[in-house]
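Dear colleague,

I am handing over the structure below, and after it I set out what was found. Please read the notes with the structure open beside them.

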Amino acid sequence: MQAAPAIVLDNVHLNLSSSAGPVNVLRGVSLSIGAGESVALLGPSGSGKSSLLMIAAGLEKPTSGKASLAGSDITNLGEDALARLRRETVGIVFQSFHLIATMTALENVALPLEFARADHAFERAREELARVGLSARAHHYPGQLSGGEQQRVALARAMVARPRVLFADEPTGNLDTETGSEVAELLFALPARANTTLFLVTHEVTLARRCARILRLKDGAILSDTRADAA
Amino acid sequence: MKSLLLAWRLARRELRSGLAGFRIFFASLVLGVAAIAAVGSLADALLTGLADNGRVLLGGDVAIVSVNQPLTAAERGFAESYGKISQTISMRAMAYALASSDTPRPCLSWPANAGHPGRFGTEPEKKVKFPRPSPEPSRCHLGGPHSLAMTSDFQKSVTERTLVELKAVDANYPLYGSMGLAPRRNFSASLACGGGDICGAVAEQTLLDRLHLAPGGLLRIGAQTFRVSAVLTDEPDRLSGGFSLGPHVIVSTAALRRTGLVTLGSLIEYKTRVRLPANASIAAFKRAAKARFPGAGLQIRDRDHAAPGIDRFIKQISVFLTLVGLTALAIGGVGAGQAVHAFLDRKREEIATLKALGADGMLVFLTFFLQVMSIAALASAAGTTAGAALPFAVERLYGAEIPVPANFGLFAPPLLLAFVFGMLSAAAFAIPPLARAREIAPASLFRDLVAPTRTRGRFPYLAAAGCAGLLIVALALAVSPSFSFSLWFLACAGGGLIALSLAAAGFRWVIRRLPPASRPAPRLALANLTRPGSATTAVITALGLGLSLLATVTILDRTISAQVNGSLPGTAPSFYFIDIQPAEAAAFDRTIARFASGRDYRRTPMIRGRIVALAGIPASRAKVARDARWALAGDRGITYAAVEPKDTVLTAGRWWPTTYRGQTRISLDSDLAHGMGLRIGDTMTLNVLGRDIEGRIANLRDVDFSTGRQNFVVILSPGIIDKAPHSFLATVRVPPRDEEPMYRAVTNRFPSVSVVRVKDVIAELDQLLQKLAFGVRAASLVAILAGLLVLAGAIAAGLRARLYDSTIMKVIGATRLQIALVYALEYILLGALTGALALGAGTAAASLVAHRVFEISPVLDWGALILTVAGGATLTLAFGLAITWGALATRPAQQLRNL
């Protein structure tokens, strides 16, 4: 029996209002991503990549169309139900890390488990930090960590609850090449080990090519959907 | 100068952004300045009102006051030679409501001189013998056919009774102003006795309510029946009369004489008001009176000091309220300083750019200083305007209820003062963060958020801020009529601010060192309390100071109230019986003795006398400590005793032998003796009913007024003083169940005896205290409001960080409830801690005041505890959640786009 797709979008539209008038960010996007797949979303700035990620991750509601995540229809879920679904099934890594400044690296990583009232939150967080190579920095605050270290903490935080899907929005965009490639290694290794679907938003073709599938987005619509080796 | 002009040009450009980032700064200043301006304007309105209406309030341009004796013919002639005079007689008496069908006949065998005892009109000024009471008592005999005492028929017709403040007036009264009567009718006609037995009287509505009477109803005072011809709605000279123990009743002088209550030894105040010609000098009148009657000890009051007690009260309360306003300004200053700090934080890049482009530190300082002070000037002007307008609003809303004549208007001095206070406060609190920004290098400005710079600014700038603070203190002390009170208040407020800042720093230090909480909500809440830019310090200092003031006032209110209600009645008598005549004394004793439950019954001779010389030095020239001067101001109640009164505690000397009848010996209050510089063996001269009695101090006693029992600061040995006509004062303690029967028994049998029910006086006093405490508490709310503004500002300043946190927490799976719980915990913890610290500070301040000022122990109160701790937590929680609600409600996608 085939597992349910991790992400399904069906004719998703997203219209946002702006001072210059309404903007059609997404125009009828449909896609299906299977469990354990690694998918890159490529596209120029303003093409709607981040918006698509936010709808897929349940951070944004589509104006029309349907979205489902890990087999659940999230189109009409309330904010708190979406939060619960996210902590059980989703991990997100941002370009700007978005760690909580008042918490240590360990506390940042443990937080999703604590929200989910999971057992042994700190032990698991410590293990996850070890996986990203930051055991020694567990008690450092974000302000005391370099950009690469902060992103590794963010990656550990995203993966600690063993999510079904890992969303990554330009995860190496704020890092230099060397640090970026270290983070990229972890970005692909950790989900692969946990059979987690990876949904990567990037404008770097080389990074995208490390994914099994590449989606190209332009002006809010899917331009192409290809396997990496065919891209 | 060039750099000043350049700075001003740059500041003007900065001002284009308006009040953005300065709303709390602006509001804090407006609030503090408005409070000071309003208090000053209101006080000036009341004080000028009192001054402008002085002759109406006094009832004349000057008033000669004498106790127990009217002016002699010579003194009266002297007063009349200056202008038209009006004489009034005031005393306390019992009024009895009569059923209207019964019109008992008054005492018919009225002695010819009964209304003119003693010096009243005929006795020569220099006569040294005491005026002798008539062989016939100067009032009707008890139980006789025309007695003042009630017959059984009369007792049946009496329904209710109460103590009243009785005032008898002549035909010239009032010399100034007009009487308010309802229904409106001629005042003299309202008091007329006409040809019948019943005289007219006007009385306050309170009396009619207490006696269940309506206008036209009958009441009896002493031996005279009165018909209440109108309700007294306005008595122009009431304010100059002092504290009232009962409702006011006005009758004619002729009618008062028919009551039989005016006798030698009765507690009576005579006032002779004089209407001086327009060009006459008050000072000249006083000088002439002293020169003409040097030994008479005439107390002369004038229109410029018509109601000195009220004048003093308004000044003292305005000092207190101005200081509360200054506290609000100081609390607001904390917020203002924070606002400037936050503003400069947002301007870091701009400041760095200016510096990178060649601006020196002074230019940066001046630019932002001018900007901040421009906004401060605008805020101070707005506060001054609001403060000037507030009294007019008070007049419109509560004008009819203000018991003091007020001249509402614009008064420049308090408005100017408030404006200056506003500007100085802004400078004092804004300079330190400005000086700090001036010192920081461009590079460190960029990094300051991560690793805050500890630069404090150069000394001259900090000294300038300190000078602004000291100027505020100096100005507040300079304009205060009570230097020491203001100094103490400011020292306490300043000390409180420093102590609370230190407590806040200590709290942060402790929290940082606590092991992390196992659950995320408390851990995040604690982390929020110590994060850079958290509201902790601002809230603890600003809201804490406001709550401390409220706690101080509440504890003091409770302490004084407990003293009045709690400790007094335990030892205090249930009744004071005033004006018991010698002829009634034995019967009175028997009446009281019928109550087996009566305790501590004491009947003591009561004579009014004035201290005129201390150790041979006239009292007016003697060096007397401030806290003992009250004993020389006017007549005091004195007594005599052969036997040492029960519970007397002698501190020096010995009591005279029981049989001693020689030269007068004096037993004196030891505190008073100390204040007057008197010792055992020194002489003291008293003037009693016009006669000087010199006595030698035989012993000193401890006098404890807090017991509420009979306390005489001066007790004389018998021999001479007991020959003076006098009445008796009696006190007794009975259980509550016997109070009403005893009240009825005494008032039925002795209608001329005034009965003061201690319970009623305490209730009245307590009511007065409660009103005062309510007003003071309401005023301290201004300080709390300032604290809340700071709280709002501090939380709003951290809103961006909270939006960020809540967005990230939502992204990683936190529900709104979980985030709300974090914030709620943080605010409750902060608010409760602030409240607890405020309670500590308030208790300390209240203890200091209770011990040093009232010499009593403070009473801790659950009300204060709940009000400060729970109030602090609730206010912080409510404000915190209201302000951060947006962070909870915002959808994460919306924020992620902006992060």
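In this predicted model, the contact between the two chains draws 24 residues from chain A and 21 residues from chain B. On the side of chain B that touches chain A, the elements giving two or more residues are α17 (520-530), α23 (799-811), α24 (816-854) and α26 (892-896) of chain B. Sorted by class, that side of chain B holds eleven nonpolar, four polar and six charged residues.

As for chain B as a whole, its secondary structure amounts to 26 helices and 21 strands, and 47% of its 899 residues count as buried. When the contacts in chain B with a separation of 6 or more are considered, 87% of them are between residues 24 or more positions apart.

Turning to chain A, you will find an open sheet of six strands, whose order is β6-β7-β8-β3-β9-β10 and whose pairing is mixed. Its edge strands are β6 (90-93) and β10 (221-227) of chain A, each of which pairs on one side only, and the twist from one strand to the next averages 15°. Within this sheet, strand β3 (residues 38-42) of chain A runs parallel to strand β8 (residues 197-202) of chain A, the two being joined by five bridges, and Leu41(A) stands opposite Val201(A) in β8(A).

Two bridges pair strand β4 (residues 64-69) of chain A with β5(A) in the antiparallel sense, and Ser68(A) is found opposite Asp73(A) in β5(A).

Which strands does helix α1 (residues 49-56) of chain A lie across? In the six-stranded sheet, α1(A) lies across β3, β7 (165-169), β8 and β9 (213-218) of chain A, running at about 155° to β8(A).

The last item is a pair of helices in chain A. The axes of helix α3 (residues 105-115) and helix α4 (residues 121-131) of chain A come within 8 Å and cross at roughly 125°, which means that α3(A) is oblique to α4(A). Their crossing is right-handed. From α3(A), the residues taking part are Ala105(A), Leu106(A), Val109(A), Ala110(A), Leu113(A) and Glu114(A), and they meet Ala121(A), Phe122(A), Arg124(A), Ala125(A), Arg126(A), Glu128(A) and Leu129(A) in α4(A). The residues of this contact of α3(A) with α4(A) comprise nine nonpolar, no polar and four charged.

How values were computed
Residues are numbered from 1 along each chain as its sequence is written. Chains are lettered from A and ligands numbered from 1 in the order in which they are written. This is a predicted model: local features need pLDDT of at least 70, side-chain atom pairs count only at pLDDT 80 or more; totals for chains, interfaces and linings use all residues. Axes are lines fitted to C-alpha atoms, for helices over the stretch in contact, and angles run from 0 to 180 degrees between N-to-C directions. Helices (H or I, at least four residues) and strands (E, at least two) are DSSP runs, numbered from the N terminus. Angles under 35 degrees count as roughly parallel, over 145 as roughly antiparallel, 65 to 115 as roughly perpendicular and the rest as oblique. A crossing is left-handed if the near helix is turned anticlockwise from the far one by less than a right angle, and right-handed if clockwise. Two residues are in contact if their C-beta atoms, placed from the backbone, lie within 7 Å. Ala, Val, Leu, Ile, Met, Phe, Trp, Tyr, Cys and Pro count as nonpolar, Asp, Glu, Lys and Arg as charged, and the others, Gly among them, as polar. Two strands pair if DSSP finds at least two bridges between them. A residue is buried if 20 or more other C-beta atoms lie within 10 Å of its own, exposed if 12 or fewer, and partly exposed in between; C-beta atoms are placed from the backbone.
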